[in-house]
Amino acid sequence: MNMKNTFAAAAAASVAASSAFAADKAEVQFWHAMGGQLGEIVDKFAADYNAGSDSCQINAVYKGNYTENMTAAIAAFRAGEQPHVVQVFEVGTATMMAAGDKGAIYPVYKLMQDAGIDFDQSAYLPAVISYYTDTDNNLLSLPFNSSTPVLWYNKDALDKAGVAVPTTWDEVEAAAKALKASGVAKPFSFGWQSWSNIENYSAWHNIPLGTEENGFASLKTEFTFNNEAVVNHIQRIADMGKDGTFVYGGRRGDSRGQFVNGETALWINSSAYYGGFKKDIKDFEFGQTMLPLDTAVADAPQNSIIGGATLWVLNGHEKPEYACVADFFQFVSAADQQAYWHQNTGYVPITTAAYDVSKEQGFYNTDPMTDTAIKQLSLNAPTPASKGLRFGNFVQIRDIINEELEAVWSGEKDAQTAMDAAVERGNALLRKFEKAND
Amino acid sequence: MQKRVVFRSRLLPYLLVLPQIAITVIFFWPSYQAIESSFFIEDAFGFSREWVALDNYTELFDDPGYLKSFRTTLIFGVSVAFLAMSISLGLAVAANRVVKAATGYRTLLIWPYAVAPALAGVIWYFLMNPSLGIVSYWLKGVGVDWNHYLNGDQALLLVIVAAAWKQVSYNFLFFLAGLQSIPKSMLEAAAIDRAGPVRRFWTIVFPLLTPTTFFLLVVNLVYAFFDTFALIHATTEGGPVDATSVLVFRVYNTGFIGQDYGSSAAQSVILMGLVIAMTFVQFRYVERKVQY
């Protein structure tokens, strides 16, 4: 009996102690999807911030990949247990926005206003924030990690085949042939195909992907990417597949292995592979350059669009905790943090200041071409067709596009049939989203 | 005369069946919820829901992809069950004859069961990776161009092999126990009557194993239909095109990736109907062939 009492007292004391500790600092739950090296940097940011703050404690928690993280946050919201901050990838934007209209979201511009922080939206790169602003140009979520697809190349293989780094799609085709002849097994490939070869191909050539300003203007949007330019582009790649100069290697980053082991010499995927490549590629010299131009479609490129994720703030918590969120957001957007993030990962610096810091530090001299992504994004002022996209159910629609493209690569369908089918199936999901959210 | 038990208190009988009722409610409540949600469409955050009657169902049956998924599921389920059971039966028969170091062999054969389905998938996915995998390298050596990213049949084969490999251990355990409970005297008697090992197997061992086989058939089919979700999720994600998109994966994809709870619920209900039908058929028709 006595023992029991002692134990209970000890337990009560420890509970009191921990709650006293919690009372000192307002705690903020931050759910993110950054694994591996990226996760370590996020943890470092949170730790650095916590060390410098005596009123706030940020608890950064890794919740799985982008989809898992978003699903977990939504499920938590439905159960009333939502985190304060959740990292959501760009294609989840429409879902989050629709929820914002119903009061689930605390928009970032308002968060900053309420916290009394003078928040300067113009400090951010236009191509980055245009993806995440509402129709009145107010920022809804804080850009955190943004990248854009670039053309990665194996310099040694190109030299051996005697070709220059391609800048147009015709050159890509020719280079791939030469590479194949010189013994490269799978000369050309890419990852995240909907993003790199349909969404960005369209933006790069200033072609709308759908009506209603790519979905920014209203939920009534419909897809139009079964247009001639996209269809011809997809058919060109399919034809390259037939003579073995293009080899498909999976939906996400799966084909990274092909590039790293030298089987593939031209690879289109996110600029954010830089950090990993720098560590993993020792046998050959690699580089990155701007996306190829399709000269049959445009004379000059427009600008590419981003991929990556932003931080959304969810409603339903206490005011002091939101003050901490605002403060933490200031901290991660500061030039030093952003420059560190950019230089170590290959994600673009999201503020002009971070870009300048990287320039001053001479980063682009020691690591040449690492500003390709940022140059590509800020090549021209974004147009309605190149500002980004906002389609509901887009996570599922990307899977539909994946399915249809795989049908093209395997020769089951031609490009026109597949794109028509993708548009039709995609539109059905858009209508469903409209119905569920208006 | 029939004997009747009379309870003095009227409450007691209810109290006694209460645990059973509680379990029933626990099982039926989610099923009821699934049926209910399948008649609505809902936004992701759950702010609004709209009654759409049978729209979620008609939409599914208008979708050729969904119908194809039945075929994929059937091929997948039957192949996994057949492969896992036949290999494990072979191994069990072999292990049953081993005299030396029998425990060692058994332990090794049971080992893979400890591997989570998702990991089993990833292991095979890695072995067969077209660029890095050792198995695909060997296959290239014998002239097979392996690329499961592109070739749907190869992808389906890959997930079947991975799913079956993981289940072999479990089946092995049951078959081995079944084999060991077969009376030695019967086998000896048959041997004295000059029945060879093959004949002895098919006329004595296999019939006596039917209860085990039937049990494993039910378990393996249920495993292939439902538990392999993690494996497919971790490897092919239903692709290429929709070659490995089995029904249970679609439920997840629609519900958790697509946040389309109505359609996901409708798919769950259909799947539930399928399980009920399958179990009924198995117990009604297949069990007749079982000799207890």
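How many bridges join β1(A) to strand β3 (residues 85-89) of chain A? The count is 2, and the two strands run parallel. These legends describe a predicted model, in which local features need pLDDT of at least 70, side-chain atom pairs count only at pLDDT 80 or more, and totals for chains, interfaces and linings use all residues. Residues are numbered from 1 along each chain as its sequence is written, while chains are lettered from A and ligands numbered from 1 in the order in which they are written.

View 1. Strand β1(A) covers residues 26-32; strands (E, at least two residues) and helices (H or I, at least four) are DSSP runs, numbered from the N terminus. Two strands pair if DSSP finds at least two bridges between them. On β3(A), A:Val86 stands opposite A:Trp31.

**View 2. Helix α3 of chain B.** This helix comprises the 34 residues 64-97. Its expected span, 1.5 Å times one less than its number of residues, is 50 Å, which agrees with the 50 Å between its end C-alpha atoms. Its buried residues (20 or more other C-beta atoms within 10 Å of their own, with C-beta atoms placed from the backbone) include B:Phe76, B:Val80 and B:Leu89.

**View 3. The contact between chains A and B.** In this view, 22 residues of chain B are in contact with 33 residues of chain A, contact being C-beta atoms, placed from the backbone, within 7 Å. On the side of chain B that touches chain A, β1 (40-42) and α11 (247-257) of chain B each supply at least two residues.

Key. A residue is buried if 20 or more other C-beta atoms lie within 10 Å of its own, exposed if 12 or fewer, and partly exposed in between; C-beta atoms are placed from the backbone. Two residues are in contact if their C-beta atoms, placed from the backbone, lie within 7 Å.
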